[in-house]
Amino acid sequence: MSAPFGPDVVAAVCRHMNDDHAADSLLICRTLGGQPAATRARATALDAGGMDFAVTVDDVEVPVRVPFAQPLTERVQIRQEVVRMYREACQRLGLPPRPAG
């Protein structure tokens, strides 16, 4: 998939996800990433088509790619898509999502 986002944007998004939304990333990887036994998830990259994570399963780190619902072209879309993925993960697990804030 193409790379509409420069390395600075990718690094900033990954840092933000890992520092502020690690639990959300884990929920996303458990449900949308097909790793229900994951105990940790760390965002490692993203491009127009999805986000990549390093996920810990049984003390082994494995790569997981979670595709976006549609290709992204603008930075503002990243947050919207990650929120959508988080809400979908919560819905699949029967959990109430946190209020937007």
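Where is L93 found, and which residues does L93 touch, not counting residues up to four places away in sequence?

Reply: This is a predicted model, in which local features need pLDDT of at least 70 and side-chain atom pairs count only at pLDDT 80 or more, while totals for chains, interfaces and linings use all residues. Residues are numbered from 1 along each chain as its sequence is written, and side-chain values use heavy atoms, with hydrogens and water left out.

L93 is found in helix α3; helices (H or I, at least four residues) and strands (E, at least two) are DSSP runs, numbered from the N terminus. L93 counts as partly exposed because its relative accessibility is 42%, where buried means under 20% relative accessible area, exposed over 50%, and partly exposed in between (1.4 Å probe, protein chains only). When residues up to four places away in sequence are set aside, L93 touches L27 and T31, contact being heavy atoms within 4.5 Å. By contrast, 26 Å separates the C-alpha atom of L93 from that of D47, and these two residues are 46 places apart along the chain.

On the α2 side, D24, L27, I28 and T31 take part, and they meet V82, M85, Y86, A89, C90, R92 and L93 in α3. Sorted by class, this contact between α2 and α3 holds eight nonpolar, one polar and two charged residues; Ala, Val, Leu, Ile, Met, Phe, Trp, Tyr, Cys and Pro count as nonpolar, Asp, Glu, Lys and Arg as charged, and the others, Gly among them, as polar. The axes of α2 and α3 are 9 Å apart, and the angle at which these helices pack is about 65°. Axes here are lines fitted to C-alpha atoms, for helices over the stretch in contact, and angles run from 0 to 180 degrees between N-to-C directions. The crossing of α2 past α3 is left-handed, a term used if the near helix is turned anticlockwise from the far one by less than a right angle, with right-handed used if clockwise.

Helix α3 has another partner in α1. Between α1 and α3 the axes lie 12 Å apart, at an angle of about 25°. Therefore α1 is roughly parallel to α3, since angles under 35 degrees count as roughly parallel, over 145 as roughly antiparallel, 65 to 115 as roughly perpendicular and the rest as oblique. The crossing of α1 and α3 is right-handed. From α1 the contact draws on V9, A12, V13 and M17, and from α3 on R75, I78 and V82. The classes in the contact of α1 with α3 are six nonpolar, no polar and one charged residues.

S25 counts as buried because its relative accessibility is 0%. Beyond four places in sequence, S25 touches M17, A41 and F53. For I28, leaving aside neighbours within four places in sequence, the contacts are G33, V66, V82, M85, Y86 and A89.

In the largest nonpolar core, which has 29 residues, I28, M51, V55 and I78 touch the most other members. At least two residues of this core come from each of α1 (7-20), α2 (22-31), β1 (40-47), β2 (50-57), β3 (60-67) and α3 (75-93). The largest share, six residues, is supplied by α3. A nonpolar core is a set of buried Ala, Val, Leu, Ile, Met, Phe, Trp, Tyr and Cys residues joined through side-chain atoms within 4.5 Å. In soluble globular proteins, nonpolar side chains tend to be buried together.

Although D58 is not a glycine, its phi is positive, at about 55°; D59, not a glycine either, has a positive phi of about 65°.
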